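Here's a quick briefing on how this chain packs together. Have a look at the model first, then go through the points below.

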Amino acid sequence: MISDTIKQHQDRLRKSISVALLKDIRANYKSLNKCLEDYEQACESLIDAIRNDKSGATGTKLLEKHIQQRKHVLEILERWISKNEKSELQDVFSDFDVRMQTIIDEMQPHWRVIQAGARFNPQPGDKLIKKSIKALKKGAYELHLAFFRAGRLLRRKSPANEKPILEWRQKIPAKNLTLRYYENKLLKQYIPFADEAIKKVAMLAFDAWQADDALFRQLMLVMQARGTKKVFLSHYETNFLPAIHKVKSGIETELNALRPALMKIFDEIDLSFNEHCEVAGTMESPGFLHPEIERKIYRGRYRGKITTITGRRVNTLFALADDWKFNQDIYILTGNANITNQLFKSSLNKRAELVRKELKRIQIFLEKTRDEIKGTDAGKLREQLEQLKYNAGKNLYNIIIPNVKQTLEEQEFTGLISNTEKDLISALSSKNRGRILIKGFNPARAFPDKALKSISLMQLIEFDITGELHKSFAKCRKQSILELENIQGQLQDMGRMVLFNLESAIMMLQKQADAGTDETAEQAKAGMTRGIDRYGDLLDGFNSFINNMQHDFDTAIAGFNTALLELTDNAMVDKIRYRIIKARAINNRERFVRLLKTRSQSAFRKGRNQFSVLQKDTKVRLKQIRDSLGIQQLSREISLEVTDFLAKDREKLHKLPFVYRRLFLNEPLEDAAFYHPRKEEKNILLKAYQKWADGSFMATLIYGEKGSGISTFVYMFFEEMLEHKPQMHQLLLTKHIITEKDLFAGLGQSLRGEAFSTIVEFEAYVHDNSPFVMFVDKLHMMFMRQPGGFQLMKRLFEIISSTSRQVFWICSCGLYAAEFLDKSIGLFGYFPQLISMKSLEKEKVRNIIMIRHNASGYRLHFLSSAADHVLRGFSKKTEKEQQEVLKEKFFEQINRLARSNISFALQLWLHSTNKIEDNVVYLDSLDALDLSFVHNLPEEVIFALHALVLHEVLDQMQLAQIMHISTRQAYMMLMRLKDRGIVVQHNGMFSIHSLLYRESLSLLQDKNLIH
C-alpha cells in the first residue's frame, strides 16, 4: 500500500516539476529555431530574387538585394536576442515553488508503515556505535515480540480468539523527505543539466552564424568578379542550406532529448527517496529530523549556482547574437561601400565619355587643318595659312577648346568624390554604436557579466577608419585637381601651339617668299603633326586621370572595407582595443595642441617681431663694420664654361627652330596667350584712368626692374582690360635723346607719323584729336647723369602738365633710374599716381616658361651633369623619376639666377637649350654656371656697370662723359667687358648681359650704389 502511495507521489512530482524546469530551456531552443526559420525564409527570398533575375545582375543589384536581406536578418536577430537579454530564472523558480508547495500542502506530513526486523541487521560499513544501537533496538524489538508470544501461549487453549502479533510501526516524514530530495537534491543535479542544454543552444547558433558568414564571403567573391552567380547559388544549395538544416535538426534532436535526460535525474532521485523511506524513523537515519534551516541553506546555494551558471550561458548567447548583429551591420556597410564604388565608377565613366566626345573634335580639327596645308606658291600658301589661322582662332581656340574646358568643369569630377564621401560617412555614423569585444570567442564557454562590457567604437571609427577614409579621399581629390589643372593647361597649350605654329609659318613665308614655300608648308604640317601627337598625350592623360580616380577610389574603398571587417574578427580584439586607446590619445593630444597653440600664438608673434627687429639691426651693423674695414665677399674668377655660356653666339641660337626661338624672344607680347595678369597693378591703373576720365590730373609713372614686363602690362591693359578702348599711342625710346627737337620728333612720329616742329603744333594736335592715351616708354632714356642732363625730362613734365586734361599720360622707367631721378630731381613728385611692378612669384615664373614651351609642341628632356650622378640614389631611379628630379633642380637654379625676373628667366632657358632633335628639346644643366665672379671686378668697372644699370644702354662716348674719362678708356673698358661676356653690343650700343643683370645689381647693392 505504501509503495503505491510513493509511486503515485513520485509520478505527480515528475509531471508537475519537470514542466517548470524545462520551460526556460525549451524556450531557448524554440526561440533559436524560430529565428532560423525566419532567417532561412529571408535567405530564400534573396535566392529566389537572384534566380528569377534574368538580367544577369551579379554586381550592384545583387548587393542591393543582399543588403535588404541583411537588414531583415538584423530584425530577426533583434527578436531572438530580446528573449535572452534577461534571465527568466526567477519566473522559473516561482513556478517551481508554486507547484512544489501545492503538492506539499495536499500530502500527509507522515506515512505510517510496519517496521521490518531486517533493518536491525548490521550492514557492511556500519560503525561500532551504529551496530550497538541496532543491537539494542533489535533487543527491544525481540522483547516486544516476546510479550506477544507469551500471550499466545496463555491463550493457546482458545485458538479461535487468538490475536495476531502486533508489528512495530514507524512514521515516514513524507513532506521533509520530499523537500529534501525533490527540491535540494533535484536542483543540485539540475545545474549541469541546464548548463549543458544552454551550451548546446549556443553551439548550434554558432554553427548557423558560421554558415551565414560563409554565404556573405561567397557573395563578396561575386562582387569582386572572383566568383560567379552560378557558384554562389551552388554554394547556397550544397553548403549553406545543409548547414542550416543540420542546425535545425540538431535543435529538434536536443528538444526531444531534454525530457528523457531530465527523467534520468528523476529516476536517480526516486531510487534514493525509496531507500530513505525504508529506513525512515530510525535513530541511525541522518535524515530523520530534516532541519528546515539546513534545507533552506542548500536550496539557496543551489538556486544561486543555477542562476550564475545559466546567466553566464545566457551571456554567451547574448554575446554571440551581438557579434552576429554587429557583423550584419558591418556587412551592410561594406555592401553599401561596394555599391557606392560601382555607382561612382558608372557615373565617372559616363562623365568621361562626354569629355572624350568633346576632345574628339580637337583631333578632327587638327587632322583637317594638316590635310589642307599644300605648298603651291607663296601667295596661295600664305592665303591658306592665314585662313587656317583664322579658323583655328575662331573655332579651335574660341569654341572647341572652351567647350571641352566647360564640359570638364560641368562634370564636377572632384565634386563626385566629395558627394560619395558624404554618403559613406552618413551610412557609417548610423552604425556608430558599442560592441561586445571578446577575445577568442568560444560558444562552449560560459561568459561572466564582466566579459559583456561594451566598448564604444565611435572614437575608433572617427579617428581611425573615418580619418583614413578622409585622408584617402582628400588625396584623391588633391591628385584629381592637379591632373585636371594639367589637362586644362594642356588644352590651353594646344590652342596656343596651333596658332603659334601657323603664325610662325606665315612669318617664315614672309621672310623667304617663294624660295621657302615648300619648307614653310612642311614646317606648318609638322606643327599640326606635333599638335596631333600632343592630342594623343592629352587623351592619354585624361584616360590616365579617369583610371587613377577609379584606382584611388578602389583603394580607398578597399581600405575602408578592410578596416571595418577587422572589427568583426575576435582574434583582433587586442589590436582593436589598442586602436581605440590610440584614438582617445589622439583626441586628447589634439585638444592639448589646440590649447597650446592658442596660448602660444600671441607670445610667438611677439617674439618673432622682436627677433626680426634684432636681426635687421644686426645686419645693418655688420654691413657697416664690413664696409668700414673694406671687406667684400670673395668669389671665383670667371670660368671657361661661364664664358662660353654667356658668349653663346646668335648663330648657335639661330640653329634652333624658328617657332621655338619666337616663343622666348625678349619683347613685349602682342596677344594674351602668354600673358600673366597683374591684378594689383591693373586695379591701380584702372582707378587712375577712371579719375583722369572724370577730369583729374592723373599722370601715371610705372617703374620696375628691367624685364619686369611694363610694356606688355600697359599694352594688355588697354587692349583687353577696358571695355571701351581709348586711342593709344606709344613713344618707345630705343636710344637716348637729349634735345627738345628729338622729343617732338619722337612724339610726332608716334602720334601722326611726322615730327612736330614746335610745342604749339603739338598742342594743336592734342586739341583736335583728344582724348587719347600717350605711353612714354623708358623714361630713363631722356637724361644723362651729368650736369645739365635733366633738362629734357623737366621739359617733358611741363608738356604733361599742360595737356593732362586731354591726354592720359603714362610713363615707364627702370627701377633704379627712377630711384636715382627721385633723389636728383624729385621724379615721384611729378606724378600723382605711382605703380611699382612687383616681382613675380617663383611658381608663376615657372608656369609662364612651361606655357611657352608647351605651345611649341616639343617634348622636354633635361640633361644631367656629373654632379647629378654623384647624388645618392639618382642612378637607381627610373628615367621618368630622374627627369622629375632634374626638372625641379633646373627651375630652382633658374629662380636662383633670375630671381623671379621673367625676362631673364626666358633668356636663361633659351641659352640652356642644347639642341632640338626628333621633336625633343634638350636642356643643359646649370650646375657649372657660377656668376659670382662679377664681385671681383675692378672699382672703375663697377661704376661703369652702375651707369649701364641707370641708363640701360650707352655707347663709349656717353660712358666717357658720365665717368669723366677719355673715350678711348671707355672703349677699352667696354671691350674687355664684352670679351668676358659681361656686356653685349648691338648697333654700337652696350648693355649688361641679361643673364648677369641680377648679379650686377647684387654687386652694386653691396657697394651701396643702389638700394
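Contact here means heavy atoms within 4.5 Å. This is a predicted model, where local features need pLDDT of at least 70 and side-chain atom pairs count only at pLDDT 80 or more, while totals for chains, interfaces and linings use all residues. Residues are numbered from 1 along each chain as its sequence is written, and side-chain values use heavy atoms, with hydrogens and water left out.

**Cores**

- Met782 touches Leu733, Ile737, Leu743, Val776, Gly789, Leu792, Met793 and Leu796, leaving aside residues up to four places away in sequence.
- Met782 is also among the residues with the most contacts inside the largest nonpolar core, along with Leu779, Trp809, Leu827 and Trp909; that core has 104 residues.
- A nonpolar core is a set of buried Ala, Val, Leu, Ile, Met, Phe, Trp, Tyr and Cys residues joined through side-chain atoms within 4.5 Å; buried means under 20% relative accessible area, exposed over 50%, and partly exposed in between (1.4 Å probe, protein chains only).
- Another core, of 93 residues, lies apart from that one and includes Leu36, Met100, Leu204 and Met263.

**The sheet**

- Five strands make an open sheet in the order 6-7-8-5-9, paired in parallel; strands (E, at least two residues) and helices (H or I, at least four) are DSSP runs, numbered from the N terminus, and two strands pair if DSSP finds at least two bridges between them.
- Strand 6 (728-732) and strand 9 (833-836) sit at the edges with a single partner strand each, so one side of each has no neighbour in the sheet.
- Strand 7 (residues 772-777) and strand 8 (residues 807-814) share five bridges in the parallel sense, and Met774 has Trp809 of strand 8 as its bridge partner.

**Aromatics**

- There are 35 aromatic pairs in the structure, counting Phe, Tyr and Trp rings (for Trp, the six-membered one) with centres within 6.5 Å; planes under 30 degrees apart are stacked, over 60 edge-to-face, and the rest tilted.
- Phe206 and Trp209 are edge-to-face, because their ring centres are 5.4 Å apart and their planes stand at 80°; both residues are buried and lie in helix 5 (residues 174-223).
- Phe790 and Phe820 form a tilted pair, at 6.4 Å centre to centre and 35° between the planes.
- Phe790 counts as buried at 16% relative accessibility, whereas Phe820, at 22%, counts as partly exposed.
- Trp809 turns up again in one aromatic cluster with Phe744, Phe756, Phe762, Tyr765 and Phe772.
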